[in-house]
Amino acid sequence: TKALRELDRIGRDAIQKGQLGVVVLNGGMATRFGGVVKGVVPVLPGHERLSFLAVKLAGLQHAAQDGGGRVAVVLMHSFATAAASGEHLEAIDWAGVPAGDRQVFEQSLLPRVLPDGTPLPTLPGARVLADTTLFAAPGHGDTLLRLRESGTLDWLASQGVRHLMISNV
């Protein structure tokens, strides 16, 4: 339809001018994947480099190339996903996303609490427990706040980004 063609034109124009940024939510506690960081899970068995992150990033890089411009890509990790995701991103070289178009930040960290409200990290012997036992990621509700607090929003603005899309991995 005419409206869809106009939206396509607006999107391609934003890509061509380098005004589009995409925040990919790659945080969480990996509960749905048996403790494995969801972004690094292979989409196809036996293809370790073809992960959910790789597919998402390759799609964004394809959109940038197809649109004749660039797309700034920001990944939001949790404390539980940052290390494994970072190693994987290095191994796949961000699926071709240019180094100048990449940014990462971490979501907030909350202490787990007992039913009476006592924070687990304050309990005797808590130091021997895993961080994932003591702390939790708050979900994606803090995305916009952390985007601003981390300085990432300022970075996006400095890159000329005027339109921002948020997507789960």
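**Exercise 1.** In this predicted model, determine how many bridges join S1 to S6 and which residue of S6 is the bridge partner of Leu25.

*Solution.* Step 1: S1 and S6 run parallel and are joined by six bridges. Step 2: Leu25 has Asn168 of S6 as its bridge partner.

**Exercise 2.** Give the strand order of the open sheet and explain why one side of S3 and of S6 is left without a neighbour.

*Solution.* Step 1: Two bridges are enough for strands to count as paired. Step 2: The four strands of the open sheet follow the order S3-S2-S1-S6, and their pairing is parallel. Step 4: From one strand to the next, the twist averages 20°.

**Exercise 3.** Describe the largest nonpolar core and the contacts of Leu75.

*Solution.* Step 1: This core has 15 residues, and those with the most contacts inside it are Leu57, Val71, Val73, Leu75 and Trp94. Step 2: At least two residues come from each of S1 (20-26), H2 (52-66) and S2 (71-77). Step 3: H2 gives the most, four residues. Step 4: Beyond its neighbours within four places in sequence, Leu75 contacts Val24, Leu53, Leu57, Leu89, Trp94, Gln103, Val104 and Phe105. Step 5: A second, separate core has 10 residues, among them Leu25, Met76, Leu147 and Trp155.

Technical notes. Residues are numbered from 1 along each chain as its sequence is written. This is a predicted model: local features need pLDDT of at least 70, side-chain atom pairs count only at pLDDT 80 or more; totals for chains, interfaces and linings use all residues. Side-chain values use heavy atoms; hydrogens and water are left out. A nonpolar core is a set of buried Ala, Val, Leu, Ile, Met, Phe, Trp, Tyr and Cys residues joined through side-chain atoms within 4.5 Å. Buried means under 20% relative accessible area, exposed over 50%, partly exposed in between (1.4 Å probe, protein chains only). Contact means heavy atoms within 4.5 Å. Axes are lines fitted to C-alpha atoms, for helices over the stretch in contact, and angles run from 0 to 180 degrees between N-to-C directions.
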